[in-house]
Amino acid sequence: MADQNKKPPRAFSWVFMGTGVGIVLISFEVILVDDSSVNAPLWVIGICGLIFFLTGVLIYLGEKSRYNNLLAAIMVAAMGTVGSWVALFGADSGFSGGIPLLSADFNLSLARLLFGFGGFLCFLIAGYALKQQFTRKENSK
């Protein structure tokens, strides 16, 4: 049986944090990329970098940190922001696939609806994580 108190390898967390910093540096135009490869505003790309960075921080801290709920709330709210931006402002050409036999317009609307619902769900989860962060924990015995 696996030890439940075992932390994941911290080296793994540095991969996420480094990736996040790299993406944030792209959003601040410190690292230059081809403009044709950028399909979102730089602030959205920066939020994506923040998501990667916070993932690494959460892995590094492990399960028992008193800041887990707060960091998770920020991370999931950031995910909701990206999903909501895609739903509301994403270019039509950025959506592909869909359900066969349905019109392209219906598939586009369905995709936007699903991204919007995902964003809304992320905001609800973030709210719950914030509630958990600031709710006084009772002794569980």
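Biologist: How far is the sulfur of C122 from the closest cysteine sulfur?

Modeller: The distance is 12 Å, to the sulfur in C48, and that is too far for a bond. A disulfide here is a pair of cysteine sulfur atoms within 2.5 Å. Before we go on: this is a predicted model, where local features need pLDDT of at least 70 and side-chain atom pairs count only at pLDDT 80 or more, while totals for chains, interfaces and linings use all residues. Residues are numbered from 1 along each chain as its sequence is written, and side-chain values use heavy atoms, with hydrogens and water left out.

Biologist: Switching topic: which residue other than glycine has a phi near 60 degrees?

Modeller: That's E29, with a positive value. E29 sits in the loop between helix 1 (10-27) and helix 2 (42-61). Helices are DSSP runs of H or I with at least four residues, numbered from the N terminus.

Biologist: Where is L101?

Modeller: In the loop between helix 3 (68-89) and helix 4 (104-134). L101 is exposed, with a relative accessible area of 90%, and E29 is exposed too, with 52%.

Biologist: What about the surface: which residues make the nonpolar patch?

Modeller: V21, L25, F28, V30, I31, V33 and F53, covering about 580 Å². Patch members have over 30% relative accessible area and no salt bridge, and nonpolar side chains (Val, Leu, Ile, Met, Phe, Trp, Tyr) are joined within 5 Å, like charges within 9 Å. A salt bridge means a side-chain nitrogen of Lys or Arg within 4 Å of a carboxyl oxygen of Asp or Glu. The areas come from the Shrake-Rupley method with a 1.4 Å probe.

Biologist: Which helix does F53 lie in?

Modeller: Helix 2. F53 counts as partly exposed, at 30% relative accessibility.

Biologist: Last one: what is S13 in contact with?

Modeller: Leaving aside neighbours within four places in sequence, S13 is in contact (heavy atoms within 4.5 Å) with G56, I59 and Y60. S13 is in helix 1 and is buried, at 0% relative accessible area.

Note on methods: Helices (H or I, at least four residues) and strands (E, at least two) are DSSP runs, numbered from the N terminus. Buried means under 20% relative accessible area, exposed over 50%, partly exposed in between (1.4 Å probe, protein chains only).
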